[in-house]
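Visitor: Can you walk me through this model? Keep it quick.
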Amino acid sequence: MSDLAELDRIDLRILTCLQEDGRLSNLKLAETVGLSPTAVLARVQRLTKDAYILGYEARLNPLKLGAGMMVFIEVLLDKTTPNVFDAFKAAVQVRPEIMECHMVAGGFDYLLKTRMADMVAYRQFAGTVLWQLPGVRETRTYAVMEEIKNTTHLKLQ
């Protein structure tokens, strides 16, 4: 269930502005939404406390940082028991190549989004890490040929 009804138009505008530029100063944000800096700061603090804002981070260029190849991997586990799920989840948490891990409904259990330098690095990852993850029975790999859209922005209005 969405908590969107608890937010007024100014809250939504604040979230929209910060989603576009997380480095926006409190003064500029206040000017943009038409409130005093004190009022905007209080709202941002409330939005953070209430977990509408989860944090701030820089978006880095993977091509310049040796992680230009994106690979999606479907993972099917050999058993779907709580202890296998827990062991798998714990193991993927510590792997920096795994950017995202999602439990899904359908023909497999998890969808992984990974980044690495190239196909040689992926093959090494697959052989030394992927197949060693707890409970892995089968995988399907999808190397991304072209990234068409990549955003973290949510539709707010």
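Predicted model: local features only at pLDDT ≥ 70, side-chain atom pairs only at ≥ 80, totals over all residues.
Visitor: Which residues of H3 are buried?
Guide: Val40, Arg43, Val44 and Leu47. Buried means under 20% relative accessible area, exposed over 50%, partly exposed in between (1.4 Å probe, protein chains only). Seen down the axis of H3, these buried residues fall within an arc of 100°, so they line one face of the helix. The arc is taken from the directions from the helix axis to the C-beta atoms.

Visitor: What do they pack against?
Guide: Helix H1 (9-20) and helix H2 (26-33). Contact means heavy atoms within 4.5 Å. Helices (H or I, at least four residues) and strands (E, at least two) are DSSP runs, numbered from the N terminus.

Visitor: What sits on the face of H3 turned away from that side?
Guide: The exposed residues Thr38 and Lys49.

Visitor: New topic. What is the strand order in the sheet?
Guide: E2-E3-E1-E4, an open sheet with antiparallel pairing. Strands pair if DSSP finds at least two bridges between them. E2 (98-103) and E4 (136-143) stand at the edges, each with a single partner strand, so one side of each is left without a neighbour in the sheet.

Visitor: How many bridges join E2 to E3?
Guide: Five. Ile98 stands opposite Thr114 in E3.

Methods: Residues numbered from 1 in each chain as written. Heavy atoms only, no water.
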